[in-house]
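Take a look at the model below. This report walks through some of its helices and a handful of residues. Keep the structure open as you read.

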Amino acid sequence: MILNILLILVSLAMILYGANWLTDGGSTVAKRFGISELVIGLTVVAFGTSTPELVISVVSAMKGSGGLAIGNVVGSNIFNVLLIVGVVALIRPIKVDRDNMTTELPLTVLASVALLVCANGHLLDGDGSDGLSRVDGLLLLLFFVIFMRHTFNIARRGDDSAAAGGVAVSAEAVSGKELALGVGKIIVGLAGLIWGGDIFVDKASALASVLGVSDAVIGLTVVAVGTSLPELATSVVAAVKGQSGLAIGNVVGSCIFNIFLVLGASATIHPLTMGGIGNFELLTMTGSAVLFWLFGWIIKKRTITRGEGAVMVACFVAYTAVLIMCA
């Protein structure tokens, strides 16, 4: 048990340093090619920090553990929106761009609703199926292709008015050495995030098993939190550095990647059963995405305040408490 705890601490250090390098490297590349921080967050950073979810869910699907695959994504998205956005807002109020509120965040809500509908297909069809079929997986992957096309169109146009409030981004003078260093930081940072996240999940799961925690709770909490630590570390570091576009893009991109790509690929490889994942978790995930959208859009014009961040963190604590009590 002591060795597991030590390895958990080491993995946390790897994740923190990896997030710092990834943030610095992503910003350097963005400056060199005139790409907005939001686009980098929605693509390179979001894909990199979603890799632990992708690996775990695909392996779980191949082994027939559909509940773990779905629980990993659902738990991660709840963690991403309620805790990560909440913590980032507590550190520094988040200014969300208009087009981000009208495009990317609604896509996060759409992804959550799509998963909710697909998972409840048995209620609509009246059969006994319970989970995601290969058809559901292909449908989610098609949504992912549409999302990526939209994002790359923004990057190709070099039009930051679609991503950062109307001001075009121009390429900055970045030397070849600085660019190479930035790319190197991205690679090393991603390696640290993925390796650290893998160690954390393995050792934390082993520790939870020793303590007698159920598999359902492990999937929705320990595994979900472990695979979301890269998003947490990256977003917090970005927020501290004043890079709110990267912080928000990372969370939004990761949530969309998790549902459309991770579950889409997993269900296409092997149909997924829900296991112990029910509508309580799915509705919590959908409700958290809607709450994120409403906080930025209605209460304070395109700003997530510290008070709203505190509400989101409190919602996550309440959700976790209910989950543990009902386990």
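I269 is partly exposed, because its relative accessible area is 40% (buried means under 20%, exposed over 50%, and partly exposed in between, with a 1.4 Å probe and protein chains only). I269 sits in helix α9, residues 244-269. Helices here are DSSP runs of H or I with at least four residues, strands are E runs of at least two, and both are numbered from the N terminus. Leaving aside neighbours within four places in sequence, I269 is in contact with V58, M62 and R134 (contact means heavy atoms within 4.5 Å). The C-alpha atoms of I269 and V59 are 9.8 Å apart, while the two residues lie 210 residues apart along the chain.

This is a predicted model, in which local features need pLDDT of at least 70, side-chain atom pairs count only at pLDDT 80 or more, and totals for chains, interfaces and linings use all residues. Residues are numbered from 1 along each chain as its sequence is written, and side-chain values use heavy atoms, with hydrogens and water left out.

**The whole chain**

The chain has 11 helices and 4 strands. It holds 327 residues, and 54% of them are buried. Take the contacts in the chain with a separation of 6 or more: 84% of these come from residues 24 or more positions apart.

**Two helix pairs**

Start with α1 (residues 2-33) and α7 (residues 176-210). Their axes come within 6 Å and cross at roughly 155°. That angle is why α1 counts as roughly antiparallel to α7. The angle classes are under 35 degrees for roughly parallel, over 145 for roughly antiparallel, 65 to 115 for roughly perpendicular, and oblique for the rest. Axes are lines fitted to C-alpha atoms, for helices over the stretch in contact, and angles run from 0 to 180 degrees between N-to-C directions. The crossing of α1 and α7 is left-handed. Left-handed means that the near helix is turned anticlockwise from the far one by less than a right angle, and right-handed means clockwise. The contact of α1 with α7 has 23 nonpolar, 11 polar and 5 charged residues. Here Ala, Val, Leu, Ile, Met, Phe, Trp, Tyr, Cys and Pro count as nonpolar, Asp, Glu, Lys and Arg as charged, and the others, Gly among them, as polar.

Now turn to α3 (residues 66-91) and α11 (residues 306-325). Their axes come within 7 Å and cross at roughly 145°. This crossing of α3 and α11 is left-handed. On the α3 side, the contact includes I78, F79 and V81; on the α11 side, it includes R306, G309 and A310. By class, the contact of α3 with α11 has 16 nonpolar, 2 polar and 1 charged residues.

**Buried residues in helices**

Which residues does N72 touch, not counting residues up to four places away in sequence? They are E53, I56, S57, G219, V223, A224 and T227. N72 lies in α3. N72 counts as buried because its relative accessible area is 0%. The side chains of N72 and S57 are joined by a polar contact of 3.3 Å. A polar contact is a pair of N or O atoms within 3.5 Å; within protein, one must be able to donate a hydrogen and the other to accept it, and residues adjacent in sequence count only if both atoms are side-chain atoms.

G18 belongs to α1. G18 is buried, because its relative accessibility is 0%. Not counting residues up to four places away in sequence, G18 touches G189 and L193.

S235 is in α8, residues 215-240. With a relative accessible area of 1%, S235 is buried. Leaving aside neighbours within four places in sequence, S235 is in contact with I84, V88, A247, N250 and V251. N250 itself is found in α9. At 0% relative accessibility, N250 is buried.

**A partly exposed histidine**

Is H150 buried or partly exposed? H150 is partly exposed, because its relative accessible area is 26%. H150 lies in α6, residues 134-157. Leaving aside neighbours within four places in sequence, H150 is in contact with T103 and E104.

**C-alpha distances**

| Pair | Apart along the chain | C-alpha separation |
|---|---|---|
| G18 and T234 | 216 residues | 8.3 Å |
| N250 and T234 | 16 residues | 7.7 Å |
| H150 and T103 | 47 residues | 9.5 Å |
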